[in-house]
Each structure stands twice: as structure tokens, then as C-alpha cells.
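Dear colleague,

Please find below the structure that I am handing over to you, followed by an account of what was found in it. I would be grateful if you could read the notes with the structure open beside them.

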Amino acid sequence: MIPDKKYHVTLSDFSGKTTADYSAYTDGLNDAAVHLSREKHGRNQLNYKKENGFIDALKSIVKEPMVILLLVTSMIYFISGKTGDGIFLAAAIVLVAGISLFQDSRSRNALEKLKDFSQPKCKVIRNGILVEINSEDLVVGDSLMVEEGTAITADGTIIHSNDFSINESILTGESLSVFKDANTNDHQIFHGTTVASGLAIATITAIGNQTRLGKIGESLETIIEEKTPLELQINNFVKKMVIVGAIVFLIVWGINYFHSYHILDSLIKALTLAMSILPEEIPVAFTTFMALGAWRLMKMGIVVKQMKTVETLGSASVICTDKTGTITQNKMSLAQLFILETNEIKNTDKLVQVDKDLIRTAMWASEPIPFDPMEIALHEAYAETDIPDERKAYKIIHEYPLGGKPPMMTHLFENNKGDRIIAAKGAPEALIAICNLKKEEKKEINDALEKLATDGYRVLGVAEASFKGNDFPATQQEYQFAFKGLVAFNDPPKENIKTVLQDFYKAGIDVKMVTGDNALTTAAIAQQIEFRNADKCINGEDLMKLNDQELSKCVKETTIFTRMFPDAKLKIINALKAQHEIVAMTGDGVNDGPALKAAHIGVAMGKKGTEIAKQAASIILLEDDLSKMVQAVAMGRRIYTNLKKAIQYIISIHIPIVLTVFIPLALGWIYPNIFSPVHIIFLELIMGPTCSIIYENEPMERNTMMQKPRPLTDSFFNWKELTTSIIQGLAITAGTLFIYQYSVYQSFDEAHTRTMVFAVLIVANIILTLVNRSFYYSIFTTIRYKNNLILLIILLTIGITAALLFIPPLTNFFEFERLNSVQLLTCLGVGFVSVIWFELVKLKTKLKGEEGK
């Protein structure tokens with residue numbers, strides 16, 4: 001569990017002086033009251049669908065075609081008096097079920113851990129302290145604090161609010177925000193709604209199924225998650241193989257029955273072939289790879305909310321990233337001031353009265369309880385001046401939230417004497433447009449703005465106004481503002497960001513910077529971090545004017561997008577998707593929600609990201625570190641590559657099993673039924689762990705992050721790779737049939753022939769496992785890859801095979817014969833040669849690639 005975060009009740013952390021005290025509103029519940037409330041009302045969870053993971057997994061196993069075939073064959077053996085074979089297959093059913101349950105358990109455990117990390121958080125006041133907890137730990141009576149960007153996780157009654165509005169569209173269908181206050185009739189907040197602006201403290205009145213959403217939300221549980229394209233491809237492939245198996249089963253049953261007129265014996269022989277055709281390992285491998293991949297990502301600090309995202313990660317071709325907090329450190333400090341009155345840019349170390357007045361006005365334009373880094377920096381700067389602290393004396397009476405294009409915000413404060421402060425801050429362009437400035441003054445401001453922005457500072461304009469009466473204007477732009485100056489913040493780039501960008505570029509991924517900041521500041525930061533094509537820039541207003549054709553060209557060529565707002569961000573994402581790019585989008589604010597939802601891979605920040613952003617995203621970076629996204633892409637590519645290796649292995653090893661069973665029967669060779677269901681199921685038990693355990697644990701190959709992203713439209717089974725697997729399978733088949741004919745030529749009996757064919761298959765299986773670890777690098781390179789499970793599985797396979805060949809009871813049960821050293825070496829040589837030839841193909845491919853360079 002992640003430990004709860006605790007915050008002091010006052011804002012001394014931010015300013016050094018008390019600015020707000022929650023105890024003025026409530027001390028919240030104490031620990032005893034929390035315990036009693038939880039005992040009475042339960043946990044804050046929506047519970048409709050009763051799930052039992054073990055029972056559901058067991059039901060799924062019973063429906064598996066391989067298990068059904070084993071059950072039928074086992075029953076036939078018992079009916080025909082072959083009790084030993086029947087018991088073995090019954091035991092095999094238990095073993096197959098055990099392996100499937102183990103794999104399912106691993107997957108479910110990984111997903112359960114992911115739920116803990118992706119669970120929404122909330123802030124409550126308990127014991128007079130503001131604490132961050134998991135939302136399911138919220139209890140009736142808690143004092144919940146919600147602010148802009150927060151997803152409300154229970155029903156409650158507002159006891160205090162500042163310019164507080166909520167989007168209740170999930171309940172009402174109305175998209176417009178609703179303003180709420182403790183003193184109005186509409187003073188309730190509801191689970192599932194989101195905070196559009198302001199801040200509020202509310203007493204929780206209902207949790208879980210007792211909330212309004214809980215009472216109407218049962219229909220949410222009936223939603224069935226769609227399968228991903230890759231999952232559909234794999235399922236379709238398996239379904240086709242099942243159909244082929246059924247057809248071949250009927251044909252072989254008919255042939256056998258025609259020759260022997262023995263219904264049960266011919267049925268067993270037909271079932272043997274059907275078992276050899278079914279690739280039941282493939283769906284298990286897919287589920288295991290995706291779930292364990294998500295678990296591995298979680299251990300790296302990357303929370304994946306949907307399994308399909310793991311599949312998509314390796315295909316990401318464009319990453320649209322925010323600047324503040326993603327590329328920069330988001331550690332704001334007030335660094336420079338521009339005073340319009342003196343037309344002077346200066347540092348903050350030696351302040352005169354006019355500088356202090358600017359800082360004071362900028363602080364009053366901030367939230368009383370700041371959470372934005374720039375506002376925190378302004379409160380800190382104000383506290384460090386020698387101005388008498390007036391913050392406790394004034395209360396906010398009206399507020400205009402951040403809005404407009406470019407954006408600005410305005411706060412109105414008043415003290416007991418009726419003195420008012422009306423302060424605004426925002427994009428300098430927004431304030432220049434509404435202030436009554438002379439032409440010379442505008443030039444002075446713009447020159448200062450250009451200078452500060454070119455130096456890489458984030459710049460806000462500051463203005464003040466006066467207004468009498470309580471009939472406040474509908475919009476903040478209607479006030480008669482006087483421009484005071486500019487405040488500039490230093491937010492340096494992260495130390496590792498240059499390396500991160502180079503990693504993306506090497507992987508063939510385009511990076512685009514999408515920010516609300518101005519072009520000059522963004523360009524300065526881009527130059528510092530060696531951002532490619534930083535000269536290609538456009539702002540949000542100009543972007544919205546483009547027609548579809550112009551937009552398509554613009555988003556392809558442009559790398560920096562400035563002064564972006566939600567509609568513009570969404571337009572960029574959709575335009576890139578229309579060009580078949582696989583788009584990843586990073587974001588942290590409420591306004592990023594639509595773009596995060598629209599992107600193939602929405603990436604939210606775990607620390608500074610709002611709950612709205614986290615809900616909309618498919619990935620959460622717990623440490624707000626973009627380098628983790630490089631690791632996520634690498635992991636996505638690794639998972640996809642290893643899954644492909646596993647499935648190619650399954651196809652290659654199934655072909656010789658099928659043909660070794662079918663060809664002697666179809667061609668009427670001397671020993672037509674070389675294998676029985678007992679032998680097939682043993683081979684299946686070896687192949688299952690090999691593909692699901694060994695290949696899932698394979699490390700990433702060296703050239704993985706130097707390749708271009710894989711188009712999502714690519715078929716998983718492309719003909720070149722499928723042909724390679726088929727040829728490998730046919731080569732192993734040639735080896736098994738050669739050893740079959742060699743044994744017949746040597747006048748070996750059926751048991752001896754069976755043993756040699758089986759031994760060749762086991763050897764070929766082991767060598768294929770090693771060879772297919774890479775389709776590019778040689779076995780001498782891959783043998784150095786760290787994968788401890790390979791040696792374990794191979795030694796286990798050799799040990800069990802040796803037991804079958806040299807322990808008499810097992811040898812007799814499987815109808816084998818003990819082989820001498822010459823025969824063993826012959827089988828070893830044939831199995832080795834039938835697979836190792838592919839190393840020459842890899843060498844040719846590598847030499848051809850090097851010549852191309």
C-alpha cells in the first residue's frame with residue numbers, strides 16, 4: 001500500500017505564515033469516529049456484480065476444447081478396459097487445469113495490484129489534519145475537500161466553498177457546470193460528478209451503493225469490454241484451428257473405422273490427431289503476457305489501467321507532451337519582475353515598494369488556498385516581503401475562474417471595513433487587451449515580455465481594478481483594469497529530458513510539445529533541451545482557423561504548439577489519428593481530459609495530475625517522469641515481440657506433431673498409430689510452460705528500440721513470419737519422419753520406432769526454444785541473455801524424458817523402449833540439425849542488413 005499523504009491544516013508550508021486554517025470550518029472526524037462509521041456504513045465501494053475469480057476460472061477451464069477432448073478420451077479408455085491410460089489422462093486433466101489456474105492466478109494477482117495503484121484518491125480533514133486517502137476509505141461524516149479537477153467520490157453537503165462549480169452531466173446529462181454554495185438550496189455534491197472550478201469542503205452523507213450514482217448505476221456493470229484487434233486475431237486463428245481439427249477428426253475417424261470397424265479404437269486415434277492440432281496454449285499465452293506485462297510496468301512506476309494499452313504501447317509513433325512539469329521540473333520560483341510604472345525588469349532580491357505592490361496584487365489574484373505551483377510561489381514571495389500580512393483580514397467575495405482565450409482570472413476580496421481588493425492575473429496578452437494602455441506602454445510591456453520569454457521564463461500579467469456595489473459584472477473583462485506589470489517564474493528543464501528525447505527519436509517516435517505557454521518561452525526551453533525542428537510552431541487560435549487539408553499538413557510538420565486550449569488539443573490528436581499515427585498524449589489538468597481520452601495512449605501524471613486527467617488516461621506515470629514513457633514503449637515492444645516468438649514457437653512445434661501422427665496413418669505406413677493421446681498430452685504439457693513462462697520472461701533484444709514503431713493495422717500473423725514458422729515446422733517434421741523410416745529400415749519394432757521419433761521431437765523442441773529466442777541475433781548471442789527460467793524448464797524436460805526412457809514402469813506405460821548410446825546420439829543429431837539450420841538464415845539476414853547500412 002502507498003502511505004497516506006498528510007498536509008498541515010495551515011498553509012505555512014507554502015508561505016511561512018498562516019494563510020488558511022481548516023479548523024475554521026471543521027476538525028473532521030477522529031480515528032474512533034472513522035472506525036465506527038465504517039463499521040456502520042461499510043466501505044465506499046459500488047458492489048453489484050458478485051465475482052469469484054477461482055470459480056470463474058474453473059468454469060472457463062471446463063469449456064476448453066483440450067480439456068473436453070481429454071475427458072472424452074479418458075472415458076473411452078475406461079470403457080474399453082484400458083484403466084491405466086484412463087487414469088493417466090484423468091491426471092493430465094488435473095495437471096492441465098492446475099497449470100491454467102496457476103496462469104490465471106498470476107494474471108488476476110497482477111491485475112489486483114494494478115487496481116490498488118490506479119484507485120482514485122481524495123483529501124479529507126481528520127483530526128484537524130488534511131490527509132490524502134484512497135477513495136474507498138472515505139466514510140459517512142468525513143469532511144471531504146474537493147478542488148478543480150477532482151472527481152467526487154461520494155455524496156455530501158457543502159459547508160464551505162470558493163467560486164465552486166460542478167459538472168453533473170453523468171447524472172443530469174447537462175454539460176454546463178452548476179455553481180453551488182453552502183448558503184443556497186443547491187448545496188449537495190454527488191458521487192461521479194467532477195469539479196469544474198473552485199474549492200469546497202463537504203460533509204459526506206452517503207457512500208458506495210447508497211449514493212445517487214450507486215442507486216442508478218447498476219447498468220454500468222452490464223457493459224462488456226470490447227476485445228482488442230490483436231485479441232480478435234488470435235481468437236480467430238484458434239477458432240479456425242478448432243474447425244480444422246474437427247474436420248480432420250471426422251476424416252481420420254472415418255478412415256480408421258473403415259479399416260478396423262472398431263468404433264472406440266478408431267475414435268481414440270482420431271482424438272489423438274485432434275489433440276495435436278489444437279493450439280490451446282495461444283490464448284493462455286496472450287492473457288499471461290498482457291497481465292504480467294502490466295504488472296512489470298507497475299513495478300517500474302507505470303500504472304496501466306486497461307490491458308489493451310499494453311498491446312498498443314509498442315506501436316506509439318507520436319508523443320504529444322506538455323511542457324510544464326513534464327519537460328520542465330515544475331518547481332516554480334518567482335525570478336523576475338517587470339514594473340510598468342518604472343519600465344524596469346529586475347530580480348526579486350532587492351525589492352522597493354513598487355515591486356512589493358506588484359507581488360501583493362499578484363498574490364491576491366491567486367487562490368486563497370493555492371495548489372498551482374505558480375500561485376504557491378507568489379504566496380511564498382509575498383510572505384518573504386516585509387508587508388504586513390493581510391490575508392486573514394480579507395475574505396473572498398467573488399471570483400472569476402481561469403477562462404478566456406488567452407486565459408485570465410480575477411478575485412475580489414473584502415475586509416470588515418468594506419475595503420476591497422480586485423486583482424487579476426493571466427496571459428499578458430489577455431490583460432493588455434482589456435487595460436486602457438497607451439501605445440508606448442503596450443510596446444514597453446511587449447518588449448519586456450519578449451525579453452523574459454526569450455530567457456525561458458513563464459510570464460504572467462498582473463492588473464488591478466476598483467468596483468463599488470454588489471452587482472458584479474457577468475465577465476471579468478468588463479472591469480476597468482489598470483496594468484501593474486509582469487511576474488516571471490523560473491521553471492528549468494528536467495536534467496534527463498535531453499536523453500529522453502533522444503531515446504524517442506532513436507525509436508522512430510515523433511515528439512510534439514503542446515503547451516498553454518507562449519511561443520517565446522516555449523522556444524527558449526526547446527532550444528535548451530535540443531528539441532528537434534523547434535522553429536516549426538503554431539498557436540491555438542491560428543490552428544483552429546485551418547481547413548482539414550491545411551490541418552493535416554500542419555500537425556505532421558509542426559513540432560511546437562503554443563497557447564493551446566482544450567478544443568485545439570483535441571483537434572491535434574484527431575488530425576494525427578486521421579493520418580494513422582498511434583498517438584500518446586501526456587496531460588495533467590481538467591482541460592486535458594478530452595485529448596487524453598481521444599488519444600490511443602492517454603498518459604496522466606501521478607503526482608501533479610488531477611483526478612479527471614487520471615480517469616481519462618489509460619496510463620499513469622507515478623513519478624511524473626517522461627523517461628518512464630520511454631521504458632513503457634520499450635516494454636510494449638518487448639511484450640509484443642516475445643508474444644510473437646511464443647506463438648511462432650507454438651506453430652512450429654505443432655506442425656511436426658500433427659504431421660507425424662497424420663502421415664503414417666494417411667499413407668498406410670507400417671506403424672500407422674505411432675502416437676497415442678498419452679504421448680500427445682505429454683508433449684502439450686512441455687510446450688505450454690515453454691511458451692508462457694520462458695518467452696514471457698525473455699529480456700528485450702538490443703535492437704528493439706532502434707526500430708520504427710509497428711503500425712497497429714499490421715496483422716499479427718504476417719505471411720513472412722508465418723512462412724518461417726511453417727518451414728521450421730516442416731523441417732522438424734522431415735527429421736521425425738526420417739528417424740521413423742530409419743528405424744523401420746533398421747527393423748526396429750513399433751515401440752523402438754516410437755521412442756526414437758519421440759526423442760527427436762523432444763530434442764527439436766529444446767533447440768527450437770533456444771533458436772527462436774531471436775529471429776535476428778545468433779544463438780551464441782542469445783545464450784547470454786539473462787533468463788533463469790530457460791535452464792530450469794530445459795533441465796526439467798530432459799529429466800522427465802530420461803525418466804520415461806530409463807525407468808521401466810514409465811517406459812512400459814508409454815510403450816517405449818530403452819535406447820542405446822548410438823541411438824540416442826542419432827536422435828540428438830537429427831533433432832539438432834532439423835532446427836539449427838535456421839541459424840544460417842539469421843546470419844544471412846544480418847549480413848544483408850549490415851550491407852544495407
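**Positive phi values and a cis bond**

Glu-530 is partly exposed, its relative accessible area being 48%. Please bear in mind throughout that the model is a predicted one. Glu-530 lies in the loop between H17 and strand S19 (537–539). The phi of Glu-530 is positive, near 60 degrees, in a residue other than glycine.

Asn-127 is not a glycine either, yet it has a positive phi of about 55 degrees. Its place is in the loop that joins strand S2 (121–126) to strand S3 (129–134). With 43% relative accessibility, Asn-127 counts as partly exposed.

The bond from Lys-405 to Pro-406 is cis, with omega near 0 degrees. Pro-406 is found in the loop between strand S13 (395–403) and strand S14 (408–414).

**The protein as a whole**

The protein has 853 residues, of which 54% count as buried. Its secondary structure comes to 31 helices and 23 strands. Among contacts with a separation of 6 or more, 72% are between residues 24 or more positions apart.

Which residues of H16 are buried? They are Ile-497, Val-500, Leu-501, Phe-504 and Tyr-505. Seen down the helix axis, these residues fall within an arc of 135 degrees, so they line one face of H16. The elements that they pack against are S10, strand S18 (510–514) and H23.

The axes of H16 (residues 497–506) and H23 (residues 627–666) come within 9 Å and cross at roughly 25 degrees. Angles under 35 degrees count as roughly parallel, and H16 and H23 are therefore roughly parallel to each other. H16 passes H23 in a left-handed crossing. On the H16 side the contact is made by Val-500, Asp-503 and Phe-504, and on the H23 side by Ser-627, Met-629 and Val-630.

**Helices H15 and H17**

A second pair of helices is formed by H15 (residues 439–454) and H17 (residues 519–528), which pack at an angle of about 25 degrees with their axes 7 Å apart. By the cut-off of 35 degrees, H15 and H17 are therefore roughly parallel to each other. The crossing of H15 past H17 is right-handed. H15 contributes Glu-450, Ala-453 and Thr-454 to the contact, while H17 contributes Leu-520, Thr-521 and Ala-524.

**Helix H20**

How far apart are the end C-alpha atoms of H20? They are 18 Å apart, which agrees with the span of 18 Å that the 13 residues of H20 (residues 566–578) should have at 1.5 Å a residue. The buried residues in H20 include Ala-568, Lys-569, Ile-572, Ile-573, Ala-575 and Leu-576. These residues cover an arc of only 165 degrees around the axis, which puts them on the same side of H20.

**Two buried loop residues**

Thr-326 is found in the loop between strand S10 (318–321) and strand S11 (333–339). Is Thr-326 buried or exposed? Its relative accessible area is 1%, and since buried means under 20%, Thr-326 is buried. Not counting residues up to four places away in sequence, Thr-326 touches Thr-321, Lys-494, Ile-497, Thr-586, Met-605, Lys-608 and Leu-626. One of these, Ile-497, is also among the buried residues of H16. Thr-326 and Ser-627 are 301 residues apart in sequence, and their C-alpha atoms are 9.7 Å apart in space. Ser-627 takes part in the contact of H23 with H16.

Asn-772 has its place in the loop between helix H26 (750–771) and helix H27 (779–782). At 0% relative accessibility, Asn-772 counts as buried. Its contacts, leaving aside neighbours within four places in sequence, are with Lys-645, Tyr-649, Tyr-695 and Gln-728.

With kind regards

Technical notes:
Residues numbered from 1 in each chain as written. Predicted model: local features only at pLDDT ≥ 70, side-chain atom pairs only at ≥ 80, totals over all residues. Heavy atoms only, no water. Helix = DSSP H or I, 4+ residues; strand = E, 2+ residues; numbered from the N terminus. Expected span 1.5 Å × (residues − 1). Buried < 20%, exposed > 50% of the residue type's maximum accessible area, 1.4 Å probe, protein only. Arc of directions from axis to C-beta. Axes fitted to C-alpha atoms, helices over the stretch in contact; angles between N-to-C directions. Parallel < 35°, antiparallel > 145°, perpendicular 65-115°, else oblique. Left-handed = near helix turned anticlockwise from the far one by under 90°. Contact = heavy atoms within 4.5 Å.
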